[in-house]
Amino acid sequence: MMLPNKIVRWGKSLFALTIILLFGLTLTAQNSTDFAGMLTAEYQHGFGDHWDVNVKEDLRFDHDFSQYSRSKTSVGVDYKFKRNMLEGLKLGVYFDFINRYTDNHIYRNRGRLSFNITYKYPFRNWEFAFRTRYQMMGRDETTGYYNLMIQHVWRNRLSIDYHMKGSRWKYGVSGELCSELDNDNKLFLESMLFVGNIDYRITRYQYLSVFIRDYKDVYINSDQVRTIYFGIGWRYKR
């Protein structure tokens with residue numbers, strides 16, 4: 001079945017906007033670029049009218065898709081408000097277990113605890129969302145590995161999605177700012193993240209997603225490599 005022309009036009013427009021976000025707005029680039037891959041799988045189950053439980057796994061491969069980079073297992077719970085002025089507001093707590101392959105060819109494990117506040121506002125075929133997240137992760141300042149000292153990070157993300165009623169397709173773009181608390185208890189902007197995604201509803205409960213992610217560090221070293229991720233994700237939601 002051919003897609004309606006309007007959906008195709010919106011898809012092209014959002015894809016063009018994604019390219020602008022990923023490559024046009026991020027003017028500062030590293031000396032070289034590494035193209036990497038991501039695979040994600042997510043299970044989400046609702047309990048009652050207010051609770052969601054999420055389990056997610058993602059794998060990353062860098063050096064032009066040739067080398068294992070990182071795995072992350074996430075478990076979290078969200079509470080959704082559905083009355084009066086609080087409708088669209090969601091509070092969440094998540095824990096991530098991360099296994100990372102370092103430049104010294106060593107596997108390192110680390111844990112991360114996150115607290116989220118998300119607000120979504122639907123308008124016709126559009127959905128606007130803002131998420132603020134505070135996360136804590138262990139970090140060893142003497143070696144650069146994340147093991148001992150606590151690192152505090154504040155992340156803020158704005159996303160825009162387009163979904164025509166009755167269509168299996170959904171298009172989205174998002175941008176996120178990551179700020180870290182330094183030794184003097186001052187927040188400074190550390191990195192930016194831009195994402196473009198296209199989702200397809202396979203069945204009533206299953207969804208397939210393709211996406212591009214571009215991480216941008218604000219402070220760039222002369223030998224730093226920029227990594228652009230191309231990913232495929234599967235999600236089961238009830």
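Residues are numbered from 1 along each chain as its sequence is written, and side-chain values use heavy atoms, with hydrogens and water left out. Because the model is predicted, local features need pLDDT of at least 70 and side-chain atom pairs count only at pLDDT 80 or more, while totals for chains, interfaces and linings use all residues.

The protein chain has 1 helix and 11 strands; helices (H or I, at least four residues) and strands (E, at least two) are DSSP runs, numbered from the N terminus. Along the sequence the pattern is α-β-β-β-β-β-β-β-β-β-β-β. Of the 238 residues, 37% are buried, where buried means under 20% relative accessible area, exposed over 50%, and partly exposed in between (1.4 Å probe, protein chains only). Among contacts with a separation of 6 or more, 46% are between residues 24 or more positions apart; a contact means heavy atoms within 4.5 Å.

A salt bridge is a side-chain nitrogen of Lys or Arg within 4 Å of a carboxyl oxygen of Asp or Glu. By this rule there are 6 salt bridges. One of them joins Lys-80 and Asp-52, with the closest N and O atoms 3.2 Å apart. Lys-80 lies in strand S3 (residues 67–80) and Asp-52 in strand S2, so the pair ties together parts that are 28 residues apart in sequence. Lys-80 is partly exposed, at 22% relative accessible area, whereas Asp-52 is buried, at 7%.

Asp-96 and Arg-112 also form a salt bridge, at 3.2 Å from N to O. Asp-96 is in strand S4 (residues 89–101) and Arg-112 in strand S5 (residues 107–123), so this pair ties together parts 16 residues apart in sequence. Both Asp-96 and Arg-112 are buried. Glu-176 and Arg-131 meet at 3.1 Å, N to O. Here strand S8 (residues 169–181) holds Glu-176 and strand S6 (residues 126–139) holds Arg-131, so the pair ties together parts 45 residues apart in sequence. Glu-176 and Arg-131 are both buried. Salt bridges that share partners also join Asp-58, Arg-60 and Lys-72 into one network.

The surface comes next. The protein chain exposes about 14,600 Å², 59% of it supplied by carbon and sulfur atoms; accessible areas come from the Shrake-Rupley method with a 1.4 Å probe. Leu-39, Leu-59, Ile-202, Leu-208, Val-210, Ile-232 and Trp-234 make a nonpolar surface patch of about 560 Å². Patches are made of residues with over 30% relative accessible area and no salt bridge, with nonpolar side chains (Val, Leu, Ile, Met, Phe, Trp, Tyr) joined within 5 Å and like charges within 9 Å. Strand S10 (206–217) and strand S11 (225–237) each supply at least two residues of the nonpolar patch, and Leu-59 lies in strand S2 (residues 51–62).
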